[in-house]
Amino acid sequence: MTDALKRLSEEGVAIWLDDLSRKRITSGNLAELIDQQHVVGVTTNPSIFQKAISQGDGYDQQVSDLAARKVTVEEAIRMITTADVRDAADILRPVFDATGGQDGRVSIEVDPRLAHNTKATVAEAKQLAWLVDRPNTLIKIPATKAGLPAITETIGRGISVNVTLIFSLERYREVMDAYLSGLEKAKAAGLDLSKIHSVASFFVSRVDTEIDKRLDALGTPEAKSARGKAGVANARLAYQAYEEVFSTDRWSTLENAGANKQRPLWASTGVKDPAYKDTMYVDDLVAPNTVNTMPEATLFATEDHGQITGNTIAGTYEQARADLDAVEKLGIGYDDVVQLLEDEGVEKFEASWNDLLKSTEAELKRLAPSEG
């Protein structure tokens, strides 16, 4: 075992696992990853839960009980997913306590079908926070236009938030503004700002996947040389925006009142193209006060052969801007790409949610007790 994960942690990158299942919890695997692989948080999404529930028999007893009570499929999903998040939060509680609430976090997503409904998203966030009932939970809210005021309202109520599905630099700035507005509301309401935490999940690999596809269609030498650069460049410029926003007077006022910075979280860090190094979205995005949420394969690849050489974001902004400009000059519109990715991201999570509904409904039928 190399010390790459330890070095990554020492550089100020919090290592979170982008996966959760009951088997991971009950087998002791999650506790082992915390102990040996420096994992200090967990993220979930509808795709992860759909996969977990449809595989193995870890949920049979609970589903059987839910079927006996004749609950709706939506209620069953809520009971199953919040039980996993609660148990994972308990396993991570020592990390939460040791880091003053910064890490030891488990994220759970609002119903993605509400992504364009502000009021329903806020109501769902409150319900999830109440259901899980653990201080180390983060409620995931998508960074859609309707999601922005929902983030402000949820933070303003003292509920910690993981903002998800951020692709564009402009939207990321809007997310940070929504967070600060939420803290200002919480402060006005007399809440303890030190207890409110947030991360902003900036997606990486999907940017390369979409832009590379368009570069491949062009097929020119210039297009070929631009492949695989946009995702990291976009994320690095996001970190530049983070540094700017969290050095303003507006932020200083909140920080003096006890507020925590909203950390950038690198999401979608599993490499999709086998031509690229499988740890590039870890190695190339090392900077203080960030989170990298990794699929298990990326976690172990980093442990095995990750190249952690210190801060790999500082001093890169000019090159990152040039990399994005090179793509734009080839006729690939940045705004078009990031909007498409946001729309697709919401659609994919909705589709996963619908799959989750179907597989849970099938399990409820399979495990329903015979009448009598």
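In what order do the eight strands close into a barrel?

Guide: The model is a predicted one. Its eight strands close into a barrel in the order β1-β2-β3-β4-β5-β6-β7-β8, and the pairing is parallel. From one strand to the next, the twist averages 30 degrees. Helix α7, residues 118-132, packs on the sheet and touches both β3 and β4. The direction of α7 makes about 160 degrees with that of β4.

Strand β1 covers residues 13-17 and strand β8 covers residues 290-294; the two run parallel and are joined by five bridges. Within this pairing, L17 stands opposite M294 of β8.

Now to β3, at residues 105-109. On one side, two bridges join β3 to strand β2 (residues 39-42), and these strands run parallel. Here G41 has R105 of β3 as its bridge partner. β3 also pairs with β4, again in the parallel sense, over four bridges. In this second pairing, S107 has L138 of β4 as its bridge partner.

In a regular strand the side chains alternate between the two faces of the sheet. β3 can be read in this way: R105, S107 and E109 point one way, while V106 and I108 point the other way. Both sets are buried, and β3 is accordingly described as mostly covered, with five of its five residues buried.

This brings us to K140 itself. The residue is found in strand β4, which spans residues 137-142. Is K140 buried or exposed? Its relative accessibility is 5%, and buried means under 20%, so K140 counts as buried.

What surrounds K140, apart from its neighbours within four places in sequence? K140 is in contact with T43, T44, N45, S107, I108, E109, V110, N162 and T164.

The largest nonpolar core has 108 residues, and Y172, L183 and W266 have the most contacts inside it. Y172, leaving aside its neighbours within four places in sequence, is in contact with I166, A200, F202, A238, A241, Y242 and P264. A second core is separate and has 13 residues, including L17, V39, V286 and L299. L17 is the residue that stands opposite M294 in β8.

Finally, a note on two loop residues. Most residues other than glycine have a negative phi. K70 is not a glycine, yet has a positive phi of about 55 degrees. K70 lies in the loop between α5 (60-68) and α6 (73-98). S268 likewise has a positive phi, near 55 degrees, and its loop is the one between β7 (263-267) and α14 (280-283). As for accessibility, K70 counts as exposed because its value is 60%, whereas S268 counts as buried because its value is 12%.

Terms used: Residues are numbered from 1 along each chain as its sequence is written. This is a predicted model: local features need pLDDT of at least 70, side-chain atom pairs count only at pLDDT 80 or more; totals for chains, interfaces and linings use all residues. Side-chain values use heavy atoms; hydrogens and water are left out. Buried means under 20% relative accessible area, exposed over 50%, partly exposed in between (1.4 Å probe, protein chains only). Contact means heavy atoms within 4.5 Å. Two strands pair if DSSP finds at least two bridges between them. Axes are lines fitted to C-alpha atoms, for helices over the stretch in contact, and angles run from 0 to 180 degrees between N-to-C directions. A nonpolar core is a set of buried Ala, Val, Leu, Ile, Met, Phe, Trp, Tyr and Cys residues joined through side-chain atoms within 4.5 Å.
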